[in-house]
Amino acid sequence: MKLLKMLNKLQRKLGRLNTKQFLIFGGILFFFTMVVKYISLDCNLDYINQNGKLRSERCRNLYYQDLKILATGRKNCSRIISGDPDEVRKTLIDNLIVKNRRVVTTEKDYLEGTKDCTMFKKQKKYVMFSLSEEERNYPIAYSMVIHDDIEMFERLLRSIYMPQNVYCIHVDMKTPETFYEAVKAISLCFPNVFLSSKRESVVYASWSRVQADLNCMEDLLNSIVDWKYLINTCGTDFPLKTNTEIVKALKNLNGKNNMESERPPSEKKRRWEYHFETKDNILQTKIKKKPPPLNIPIFSGSAYVLLTRDFVKSVFENPIAKEFLEWAKDTYSPDEYVWATMQRLTEMPGSMPNHIKNDISDLNALARLVKWESLEGDIEHGAPYSVCTGKHRRQVCVYGTGDLHWLIQQHHFFANKFDPRVDDHAIQCLEEYLRSKLFYGKIV
Ligand SMILES: *[C@@H]1O[C@H](CO)[C@@H](O)[C@H](O)[C@H]1NC(C)=O
């Protein structure tokens, strides 16, 4: 009613204006509309200084034009991802043709490319702003343990990089100097990416693998970033989820850790019942070990876990955790049971009580999706997943293009393993898929 009266008044006033006054009024109105329009269209494409908010659909599109990652060649990733058998077959055949292989980026290329960090980040399409307030307020810490393949490392970093997160990289002591220098050069382009302050020479299946993560964990606790969860990765991992999805899923854990943790099969028990010697590799001795401190039950799991900040703190502070880790140092593959075991100690924050109902298999845990060769088969005949379309390494599938459709339907944050020398198309399509999902919540 009041509004109608006001409108009436305005109309009467406007009617009394002469042409000149009318033009001025119109001019002012036009000016303000332009200002409002300009502000709403200003997407601030200088994304180095950008600090959030894709203000409108138009800005979102503009950013995406700048930051989208498209697979090279004639592959149609939408079709591959939706599981189109013809497209998958074509791509798998293409993988076999050596001359079609892309030239990989070398350490030298990265050392050269990172001389101008602004240019490097632009060319490699790093997302240098948070995509939402929610993500900005929920930083994640990454511990990345790597030893070779600089290109794969950089592509992994790019796919998980967000300015609010923090990344610690542990480079194996045994790696060539150029590799270390290249990783260092890349890290120096980002304020929130750093190399671990202590380096280990990592021997497969030995304590050193755990120590590498512990080195990063300690550094990450000392970082200024108030991260909520820690995720550890290695050089052959690749994400299946965007940062947006990971934040949502972590919040849903309600302060619990998440990882594989099951009663160990009897054949694994020798791994901690005997003393192992580590030199260039790890060897079992005849010496029997004492049982673990307080006789805590050992659970088997994965080296790759999702840990709350409080859990990580307790790893360094809780006396039982400290004593247990000390005890585990001369055992076989402690990385595959120490987290899973501490996860079942009531003293540890975010843990799950030691009851069989709390056992979680790798397929039900969120951290890492792995296709074990021995479990592959016909899903209709009870196998958990179909046969690997890439190659096997250490009884694990190195994914091929034909695995993508299945991979992206799983809840896991990351999958292992990927290798551009086995199937680069698979990784390229994942990159394309993740980037479009980051901006639009789906593939476009
Ligand atoms: C890929 O395939 C989809 C579905 O068949 C089609 O809509 C789309 O245009 C294709 N994209 C390209 C780049 O060819």
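Author: Let us begin with contact, which means heavy atoms within 4.5 Å. In this predicted model, among contacts between residues at least 6 apart in sequence, 74% join residues at least 24 apart. The protein has 444 residues, of which 51% count as buried, and its secondary structure comes to 18 helices and 14 strands.

Reader: How do you know whether Asp172 is buried or exposed?

Author: The same cut-off of under 20% applies, and because the relative accessible area of Asp172 is 6%, Asp172 is buried. Asp172 is placed in the loop between E2 and H10. Leaving aside neighbours within four places in sequence, Asp172 is in contact with Ile146, His147, Arg199, Glu200, Ser201 and Val202.

Reader: What makes E3 and E10 the edges of their sheet?

Author: The open sheet has five strands in the order E3-E2-E1-E4-E10, with mixed pairing. Strand E3 (193-195) and strand E10 (306-308) each have a single partner strand, so one side of each is left without a neighbour in the sheet. From one strand to the next, the twist averages 20°.

Reader: How do you know that E1 and E4 are paired, and in which sense?

Author: Two strands pair if DSSP finds at least two bridges between them; for strand E1 (residues 140-146) and strand E4 (residues 229-234) there are six bridges, in the parallel sense. Within this pairing, Ile140 has Tyr229 in E4 as its bridge partner. Two helices pack on the sheet: helix H10 (residues 177-187) touches E1, strand E2 (166-171) and E3, and its direction makes about 150° with that of E3, whereas helix H14 (residues 309-317) touches E4 and E10, with a direction at about 80° to that of E10.

Reader: What makes E7 and E8 a pair, and how many residues lie between them?

Author: Strand E7 (residues 274-278) and strand E8 (residues 282-288) pair over four bridges in the antiparallel sense, against a requirement of at least two. The two strands form a hairpin with three residues between them, and Phe276 stands opposite Gln284 in E8.

Reader: Why is H11 called roughly perpendicular to H14?

Author: Helix H11 (residues 208-222) and H14 pack at an angle of about 115°, with their axes 10 Å apart. Angles of 65 to 115 degrees count as roughly perpendicular, and therefore H11 is described as roughly perpendicular to H14. The crossing of H11 past H14 is left-handed.

Reader: Which residues meet where H11 packs on H14, and of what class are they?

Author: On the H11 side, Leu214, Met217, Glu218 and Leu221 meet Arg309, Val312, Lys313, Val315 and Phe316 in H14. By class, this contact has six nonpolar, no polar and three charged residues.

Note on methods:
Residues numbered from 1 in each chain as written. Predicted model: local features only at pLDDT ≥ 70, side-chain atom pairs only at ≥ 80, totals over all residues. Heavy atoms only, no water. Axes fitted to C-alpha atoms, helices over the stretch in contact; angles between N-to-C directions. Parallel < 35°, antiparallel > 145°, perpendicular 65-115°, else oblique. Left-handed = near helix turned anticlockwise from the far one by under 90°. Nonpolar A, V, L, I, M, F, W, Y, C, P; charged D, E, K, R; others polar. Buried < 20%, exposed > 50% of the residue type's maximum accessible area, 1.4 Å probe, protein only.
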